[in-house]
Amino acid sequence: MIKRFFLIFFLIPVLMTGSSVPSKPKVLLAAILIPGGGEFLLGHKKTAISMFVAEGLIWAGYFSFRWYGGNIRNNYMQHASSYAGAYPGTNDDNYWDAVEWYLNTEGYNRQVREDARELYPDNWEEQQRYIEENSYTGVYEWDWTDLNSQRDFYRKMRVDSRQMFQNASFVALGAVVTRVVSLAWTVKSLRDLPAMENVQPEIEFTPYSWQVGFRIDGLYR
């Protein structure tokens, strides 16, 4: 995700500069990379600014929800470690699910053995393999016995954390919607323009500049 943002922000200045009459490929690429990019190149600055603001708010919300959800996740891991002896050094969601739904390791491992017998009723070796792969022992053991209120608080934090990550996913869908709207608007605007003629691809190399690449320029007539 971070690499993608670096790539986009590297390309945007290149797309926004250059010929005063942008080519269709350039306009469409700008619209795909960032909502409002195509509108900006076509001279519709107010619409572009609105799209830029919407895009900024969407990603600000996305990263805020992710950050808050991660903080809650760290808190519930430390909480389970302090009160139930759970192992805070793992990010395995299956482990933290087990800590949430089972009172202690003994109860969880008992269920694993029952599952093994049900899955492989006539194969003792497969039962043992399943038990070894799915049981938690040693530093991974936990016990909420006589700590129901603390266990309930842990479960509440888990619910809150999941909700924050779910909110981030919903917000990210907004980025898809704004790109579809921006691209549709840009395509419609391009169709309203006269046909583009005399398109001449040009390879440009500037040895003393940080910009090295290619450019396709065309004129609307």
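Start with the rings: those of Phe, Tyr and Trp (its six-membered ring) pair if their centres lie within 6.5 Å, and planes under 30 degrees apart count as stacked, over 60 as edge-to-face and the rest as tilted. By that rule, the count here comes to 18 aromatic pairs. Before you click on, note that this is a predicted model, where local features need pLDDT of at least 70, side-chain atom pairs count only at pLDDT 80 or more, and totals for chains, interfaces and linings use all residues. Residues are numbered from 1 along each chain as its sequence is written, and side-chain values use heavy atoms, with hydrogens and water left out.

**Stop 1: the rings**

Select Tyr-76 and Trp-96. Their ring centres are 6.3 Å apart and the planes sit at 70 degrees, so this pair is edge-to-face. The pair links distant parts of the chain, 20 residues apart: Tyr-76 is in helix H4 and Trp-96 in helix H5 (residues 93-101). Helices here are DSSP runs (H or I, at least four residues), numbered from the N terminus.

Tyr-76 has a relative accessible area of 3%, so it is buried. Trp-96 is at 0%, so it counts as buried too.

Tyr-95 counts as buried, at 0% relative accessibility. To widen the view, colour the aromatic cluster whose members include Tyr-76, Tyr-95, Trp-96, Tyr-102, Trp-142 and Tyr-154.

**Stop 2: Arg-73**

Go to Arg-73 in helix H4 (residues 45-84). Arg-73 is buried, with a relative accessible area of 15%. What does Arg-73 contact, leaving aside its neighbours within four places in sequence? The contacts (heavy atoms within 4.5 Å) are Asn-91, Asp-93, Trp-96 and Ser-161. Zoom in on Asn-91: its backbone oxygen lies 3.0 Å from a polar atom of the Arg-73 side chain.

**Stop 3: Met-51**

Stay in helix H4 and pick Met-51. Met-51 is buried, with a relative accessible area of 13%. Not counting residues up to four places away in sequence, Met-51 touches Pro-35, Gly-36, Glu-39, Thr-178 and Ser-182.

**Stop 4: Ala-116**

Next, select Ala-116 in helix H6 (residues 105-119). Ala-116 counts as buried, at 0% relative accessibility.

**Stop 5: Val-180**

Finish at Val-180, which is in helix H8 (residues 148-192). Val-180 is exposed, with a relative accessible area of 51%.

How values were computed. Helices (H or I, at least four residues) and strands (E, at least two) are DSSP runs, numbered from the N terminus. Buried means under 20% relative accessible area, exposed over 50%, partly exposed in between (1.4 Å probe, protein chains only). A polar contact is a pair of N or O atoms within 3.5 Å; within protein, one must be able to donate a hydrogen and the other to accept it, and residues adjacent in sequence count only if both atoms are side-chain atoms.
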